[in-house]
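Q: I have a model open and want to learn how to read it. Can we take it feature by feature?

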Amino acid sequence: MGEGFVNWMQRLSEFALLGLLGLILLLEFAFSVSSGATSGVLIPLGGAAGLVALLLRSRFRTGSMLWMIGISLLLSFAAVPLASVQMPGLAEAGALMVLTISVLRWVRPLSRGILLAVAALIALQISAGLRSDDMAATAFEILFFFGWAVGAVIGSYLRLQQDRREAAVEAVRRSERLDLARELHDLVAHHITGIVVQAQAAKAVGEQRPEAVLPALDAIATAGSEALTSMRRLVGVLRADDQASRSPGVALADLRVMVERFSAQGPRASFDIGQGVTSLALPPEVLTTLHRVLQESLTNVRRHAPGAAWVEAALTAPPNLVRLRVRNVGSPGDPRITRLGGGFGLVGMVERVEALGGRLTAGPTPENGWEVTAEFPAALAARGK
């Protein structure tokens, strides 16, 4: 419901903006017809170009602004040899001001957005100065400058907020990746320790019981293969440019205990483990990631959906997958999370799951609840068997 309301409000504001500029365009068209001046035709042309640029700005942020600046300059200079009109194109000016907000918020790098915004200001000043008498030109130049300045302030503020959020998300991802790297380091150390112990045991019994050496060598090869796999995963995580703390050795019993503690302190909760899912059937990094996802999901339920009637958690093994699903029934998540594109905890979960080759989704359910699903390929899970 929260996400739909926000989308509806965004569409409504967009329609209101286009409707206002469309109304101004109609008034300008009526004015140009009543004036009878040849140059009056140029005014509605600029407004129509502005509406087209606004409709296309979400897909072509730089291109729509360049289009509008070019059209504005072309119409302004086309009006010079003609009889001047009493007012410049207000719909055209409004479109340039709105596009200024858009480019300063979205266009990267920032220097390009600033250049486009300055070019829009120049086009506005030329439009005001070339299509009016001296006194009216000065008044429109001041009016357009203040309108552009308001747009520039709004666009810069939105850009600052977006950059702050992106920096916070990046910090969460980096922290999550470092946590995961430390845990994988512990797993590699565990495998190496096993190799050393097996090698020492094989050396100790090799002279007296040669038949015991081959099983020991098989165990050493298996541990070495697992250590290399964990090391490759560790290096992949550290090389990534883009994500609570867990300890190696988490078991399914720890997940059940977590759900039981949650149920004792808040909404009732259940945890079901599907057939064939055991601690030995899953590699340690997958188990600890599942533990992290379950922990974050339950925390979000307590924080953002305290009125939930029931929380269901299930760990199953459908064909070719290992899936953890956590959902609350009777109370959706806080809509503020959806408006922000997901909380930072959700960002961390996504980064951690994807770093191990899995996939995580989260969103509202048709039953007026919220669901988090983490899936890992069966090939990854089979490595622990």
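Q: What pLDDT does the chain average?
A: This is a predicted model. The chain averages a pLDDT of 76, and 69% of the residues score at least 70.

Q: Which elements have the lowest and the highest mean pLDDT?
A: Helix α10 (residues 335-339) has the lowest, at 42. Helix α4 has the highest, at 90.

Q: Where does pLDDT stay under 50?
A: Where pLDDT is low, the predicted coordinates should not be read in detail. Here, residues 241-248 stay under 50, yet the model gives this stretch 33 contacts beyond four places in sequence. Residues 334-342 are also below 50, with 11 contacts beyond near neighbours in sequence.

Q: At what angle do α2 and α4 pack?
A: Helix α2 (residues 42-56) and helix α4 (residues 90-106) pack at about 25°, and their axes are 7 Å apart. Angles under 35 degrees count as roughly parallel, so α2 is roughly parallel to α4. The crossing of α2 past α4 is left-handed.

Q: Which residues of α2 and α4 meet?
A: From α2 come Gly46, Gly47, Gly50, Ala53 and Leu54. From α4 come Ala91, Glu92, Ala95, Val98 and Leu99. By class, this contact has six nonpolar residues, three polar and one charged.

Q: Which residues does a cis peptide bond join?
A: Look at omega. The cis bond joins Arg108 and Pro109, with omega at about 0°. Pro109 sits in the loop between α4 and α5 (110-130).

Terms used. Residues are numbered from 1 along each chain as its sequence is written. This is a predicted model: local features need pLDDT of at least 70, side-chain atom pairs count only at pLDDT 80 or more; totals for chains, interfaces and linings use all residues. Side-chain values use heavy atoms; hydrogens and water are left out. Axes are lines fitted to C-alpha atoms, for helices over the stretch in contact, and angles run from 0 to 180 degrees between N-to-C directions. Helices (H or I, at least four residues) and strands (E, at least two) are DSSP runs, numbered from the N terminus. Angles under 35 degrees count as roughly parallel, over 145 as roughly antiparallel, 65 to 115 as roughly perpendicular and the rest as oblique. A crossing is left-handed if the near helix is turned anticlockwise from the far one by less than a right angle, and right-handed if clockwise. Contact means heavy atoms within 4.5 Å. Ala, Val, Leu, Ile, Met, Phe, Trp, Tyr, Cys and Pro count as nonpolar, Asp, Glu, Lys and Arg as charged, and the others, Gly among them, as polar. pLDDT is the predictor's confidence in each residue, from 0 to 100.
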